[in-house]
Every structure is written in structure tokens, then in C-alpha cells.
Amino acid sequence: MSAKEITRILYGGDYNPNQWPREIWDEDMRFFKDAHINSATINVFSWAKIQPEEDRYEFAELDDIVEMLSKEGYDIVLATATGALPAWMARKYPEVERTDYQGMHHKYGHRHNACPNSPVFRKYSKKLASKLAERYGKNPHIKCWHISNEYGGTCYCENCERAFRVWLQKKYGTIEAVNKAWNTEFWGHTFYDWDEIVAPNALGEGMWDERSAFAGMSIDYKRFNSDSLLQNYKDERDAIRQYDKDAVITTNLMGTYKELDYFKWAKEMDVISWDNYPSYNTPWSRTAMTHDLMRGLKDKPFMLMEQTPSQQNWQPYNSLKKPGQMRAQSYQTIAHGANTIQFFQLRRSVGGCEKFHGAVISHAGTEDTRVFREVAQLGAELEQLGDTVLKSRNEAQVGIVFDWDNYWGLEYASGPSVDLKYVDQIHSYYEYFYNHNIPVNMIPVDADFERYKVIVAPVLYMIKDGMKEALEQFVRNGGTLITTYMSGIVGESDNVYLGGYPGPLRAMTGVWVEEIDALAPEQYNEVLTGDGNKYRCNLVCERIHLEGATALASYTEDFYAGEPAVTKNSFGNGVVYYIGTQLDREGKADILARACNEADITSIVEGAEGLEIVKRTKEGKELYFIMNFEQDGKKIPDVFVGCTDLLTGKVLEKEMPVHKYDTYLVEK
Ligand code: GLA
Ligand code: ZN
């Protein structure tokens, strides 16, 4: 056990006493105790305070904050404060500010906007992290380092452009290889010198809707930008490690955020942490999927670094969380693999754009609020739960592939439809498993497929080297692969696999896709299954020829009526399903249910429709989270009757109602 191992569920969140007079600090300590808060994330945006001038560091206030929290026994999450630049730095070194997609070089303002390739930013961010670690790294209460904050965005400045060329030289070696990879002969964009290559923003290859005339180049720029920001993370991480050998180091991620290849980031992070901000109409299945993705990044439990106790401020409509909702959402988070529940933020700010953002302590400054009471109740429950869920795992026999290169490739593609949105597509398949309480792991393209019975790889547009072989082997050994339209089209540089779609998947799917039709939002086709079911379909309709596969459904409309729309192929000891059009929810369920039945995939609790049930396993014990995110009127499934709810101590009785946002946790 490391000296700084976290042995309880961290419960707390962003705490900014530096924004408040000292009298408030004592009150905070009293309130937090009452709310059973045991952790605080500090110093997230304090760079300007700690380094008021280029050559002067000022730690007195942070010393006091750390001392106060340490004395009270809090587990401290210490941020490195590099998420927002000090104004003096921007004035003296304008290069630390970014150049945006439109080509505008920014002045001082805002946050999360340092140029990742600015030597000045890199020098001072590293220096700050190392000064903090040197000063506080030995403090046993500092259990976690929080580097910067929500890394993101893209810079197109000249420093980045130069760094991009270096990145390309490393990747491709020669300019000829670059030209080949990007197929620059198209539109005669052949490069003869590295310095001719410019960043692909709106002033370069950018087109409408941030699409690109050369997707291969733009995908490389995304990879480069993700790597650049990751280098910033590594700079600080390595600086911290010199002084603190034990605390875990992380940065707060943002779920399905497009700009960063989180699977690559995960390899450099000790633990994944993320910020969960669904909007009022985000489906619960989507939040569940995102948690599963965050767990999947390292295939390990994660931290919930931020959620709001009630309201947000940056959505168009910032609704309150209803009574019980924050509690239910917190347990959903834990159910899917979180070991912490942290809020943004503990005290609501007095000014700035987040003054309407929810917080544990409201502007009224009292404990006598609904939100405070709900936070305190949850805190008490988690405290008595102790380490029950810690060190448990989520197991799954179904893997759904998620891949940032595919995300970028699919959404840079010009055609066949602007409505092909990567995350929506993945979610529309995840939803089936969610609705049936079938556990899913979200997996990278280079996962160990053999661990799963079923792999679902929707819109697997880009097939990178090695993937064809890995998938074929998985299926040959008896696995079930489900893939869809817009799969097997390009290789890693976005050039098409010639010889017919779905390229490398053609042999295992047993189909050749000749054409891809795009349907406008008001247009539909329909499929008819072999056993007589009809389902609507839209978005894209692929014209499929069978090459060994059998048709499970065919189109009923248009000139391709009667042609296959969904197919199944035996390959080795396994099977491959190919879904050639976007089926409606029922149609998708029909096909996925067949595949699951045949692969012997069952829901963890039968007959519990409308309840979300998730299992975490620990040393032979099974912990079931039973949640209702739909309507009142659900009942406790019979298998749980007689079990004790670990959250309240209540014994679950037959036919007991489960109201909306009710949550139970039982061990079986
Ligand atoms: C993000 C940031 C926080 C805060 C919240 C508000 O998650 O990390 O600093 O701005 O959003 O929702
Ligand atoms: Zn830059």
C-alpha cells in the first residue's frame, strides 16, 4: 500500500477559499463537516496569485489553505493552477495565447487557452508544478494531483505550425511520404518543402462546418494537437513525480470530448477523472455510456472530479436537479465505476460567469437549503458505506469499440451525410444494452477482443493496421462481431481501401457494399426481416451484395427494394452481423437481441425493464445498484426481495415500489 493510498470514497470538490475573506473559511469548515465532506480540490485557478510576477512566487495563502485542510483531516486534491494564465505573462509574452481556427491571435482573457507549443508556457507551467510539488509533495494529506484543468481546444499559431512539421517529420520521415499519406496530388497540393505545410484551419484547408479539404492532414493535426497538450500534461506530471512519489496524478477529462485521444492520454495518467455535466435532456443511457467509456480508458475505476449539486450556468437552459436526482446520479456514477463523488463547487462564487452555477453552499450562505441537505444526506450515506465499493470491478462480456481516430475521420468526411455523428451513432447501439441491463465495456481498437463474447463496432470507418487480423481472429475463435454502414472505408491516413467496401472487413462480413445512399431527415426507407417484421430506416442505406453472408432483412422501397439491408455471415467458429442502414430503435433491438441470444448474452436481472441495474464485483461478492431514472410505478425485482439496502439499511420487500430517482444497493 502506498503511503498516500485513498482508502475512502472521496466526497467534496472544487474549493476556492482564495476567492473569499478568511472569516468565511471557518464557516466553510463547519459546513463541510456537517455535509460529511472529506475532500477538497484546491488551487485550480490560482496561478496569478502564486506567481504575481515573473520572478516572484507567493505561497503564503496556499500554505494556510493546505494547513487548514490538513489539520481537519481532509484528503486534498491539489491542482497545479495552469488552466488559466496570469495576465502579466500574456502581456510580456503574447506567444502564450492561442491562434484560433479563424486565424485570430488572442489577447489576454478566458482560460484553457495556453498555446501548448509555446516555450514560455512550457517553461513556466513545468516550473510551477515543480515548485508546488517541492513545497507540498511530502504532505500526507495530498492524495491526488490535478494537473491544469479540462485540457482542450486547438491552437494554430506559428509555434504550433513549426511543431507540427517536426511531428510530421518524426511520423513520416520524408516529404514524399507525407504527400502520399494525404494524397496531395488531389487539387495539386504537393509539398516540396516542409515549410510549405501550414496548420489546417479556416485560413488553410478548412471548409464549411470545420470540415477539411484534406481530411488526412486535418486528422494528423488533431493527433498532433492531442499529443501537444498531452506533452504539457507529461511536463507537469514528471515535475511532480520528482518530489511526490506516492500521490496519484490525474487531470479532469470531459467524457466523449472530441479533441483529445483519451485512450492515448489514459496511458500517461495514474487514474482517470472526469467532469459529468449532462443537460436537462441528456438520455440517462448516454451518461451511463460516458461513465463506461471513462472506466474503459484504463479498464479501472475512475474519479468523478466534478458534477454540479444542482444547477449549471453554461447550458442554454440550466434546470435544477429535482429532489433525489443528484443522489441517483451520484450512485449511477459509482455503479459504473467511480470511486469518488466531487462537486463543482463547494461555495457559489460571488462574481464572474459562474455565479449562477450550483454549489454546495449557496449565495444565502446557510445550511438551510434543499441542496445542502441533499449533499449532506448523500455524504452521510457514503460515509457509512465505507470502503464497500472500493476495489470492486465492473465485468462485461460485450465490448463496444470507441476510437478517436474514427471520431475524427467520420466527422471530417465530406459526404455521404452531414448527420453522421460519431458519438450519437455509438450511443444508439449502446442504448440497447443499457435498456436490457447488459453490462458493456467501452473498448479501444487495440483491446484484447478475446475477453468478450460480443464486439460491437458501429461506423468503424477507419481500420488501422492490425485491426483486420485482430477482428478476424476474434471471430474465427467463436466471437460475434456486429458492425454497420460506413465501416471499413479508409486506412489510418483517410485514404480509401480500394477493391470494394467494407475493405478489410469484406471477407469476414461476407458482403460487398456497392453504393451508399444518403437520406435527408424527412426521408425513410423500410426493411423487412426474414420472419416478417418491418422497421423504418434512414440516414444511410447501403446497397449490399452477398458474398457468402445471408440476408436477415431487405429494403422494401426505392430502386434497391428487395436487396439486403442486414446480413449475417459465419466466419470460422464465429459470426459477423452487418447492419447496412440506420434501423429504428425496434429494428436495432431485433437484430441485437438475435445476436445476444445466440452468443448467450443475458441481462444481469431479467424482467427489470425500466430500471437501471448495474453490478460491481469484489472478491466474489456482487454489488447490485438498482436505480429508476424513468417513471414512478416500477417494482423491486423479485430476486432482490429480502436483501438489505446498504444505503439505508431497509430490507427490500416484495412488490416494493421504486419511484423515480430511488436507488438501492444490495450485496448478493
Ligand atoms: C468545468 C470546469 C470548472 C467549472 C465547471 C462549471 O467542468 O472544470 O472549472 O467551470 O465546468 O460547470
Ligand atoms: Zn500554438
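Helices in this tour are DSSP runs of H or I with at least four residues, strands are DSSP runs of E with at least two, and both are numbered from the N terminus. Everything here comes from a predicted model, in which local features need pLDDT of at least 70, side-chain atom pairs count only at pLDDT 80 or more, and totals for chains, interfaces and linings use all residues. Residues are numbered from 1 along each chain as its sequence is written, chains are lettered from A and ligands numbered from 1 in the order in which they are written, and side-chain values use heavy atoms, with hydrogens and water left out.

**Stop 1: two cis peptide bonds**

Start by selecting P416, in the loop between α13 (404-412) and α14 (422-435). The bond that joins G415 to P416 is cis, with omega about 0°. Now go to P502, in the loop between β13 (480-484) and α16 (506-509). Here the peptide bond from Y501 is cis as well, with omega near -5°. For background, most peptide bonds are trans, and most residues other than glycine have a negative phi.

**Stop 2**

L505 has a relative accessible area of 0%, so it is buried. (Buried means under 20% relative accessible area, exposed means over 50%, and partly exposed is in between, with a 1.4 Å probe and protein chains only.) What does L505 touch, not counting residues up to four places away in sequence? The list is I463, L471, T483, S487 and G488, where contact means heavy atoms within 4.5 Å. Draw a C-alpha to C-alpha distance from L505 to I463: they are 42 residues apart in sequence and 8.7 Å apart in space.

**Stop 2: two positive phi angles**

Select N183, in the loop between α7 (175-182) and α8 (215-241). Its phi is near 50°, a positive value in a residue other than glycine. N183 has a relative accessible area of 40% and is therefore partly exposed. Next comes D600, in the loop between α17 (585-598) and β21 (612-618). D600 is not a glycine either, yet its phi is positive at about 65°. Is D600 buried or exposed? With a relative accessible area of 52%, D600 is exposed.

**Stop 3: the open sheet**

Switch to cartoon view and find the open sheet of nine strands, in the order β5-β4-β3-β2-β1-β9-β8-β7-β6, with parallel pairing. At the edges stand β5 (248-250) and β6 (252-253), each with a single partner strand, so one side of each has no neighbour in the sheet. Two strands count as paired if DSSP finds at least two bridges between them.

Zoom in on β1 (residues 10-14) and β2, which run parallel and are joined by three bridges. G13 stands opposite A40 in β2. Along β2 (residues 39-42), S39 and T41 point one way while A40 and I42 point the other way, and all are buried. In a regular strand the side chains alternate between the two faces of the sheet.

Then move to β7 (residues 273-275) and β8 (residues 302-306), a parallel pair with three bridges. Pick W274 and look across to L304, its bridge partner in β8.

**Stop 4: ligand 1**

An oxygen atom of ligand 1 is 2.2 Å from an N or O atom in the side chain of E354. For the side chain of E306, the distance from an N or O atom to a ligand oxygen is 2.4 Å. A polar side-chain atom of W314 lies 2.7 Å from an oxygen atom of ligand 1. Taken alone, ligand 1 exposes 310 Å², and the protein buries 98% of that, by the Shrake-Rupley method with a 1.4 Å probe.

**Stop 5: D645**

Finish at D645, in the loop between β23 (634-635) and β24 (657-658). D645 counts as buried because its relative accessibility is 1%. Leaving aside neighbours within four places in sequence, D645 is in contact with K650, L652, T663, Y664, L665 and V666.

Technical notes
Polar contact = N/O pair within 3.5 Å; in protein donor to acceptor, adjacent residues only side chain to side chain.
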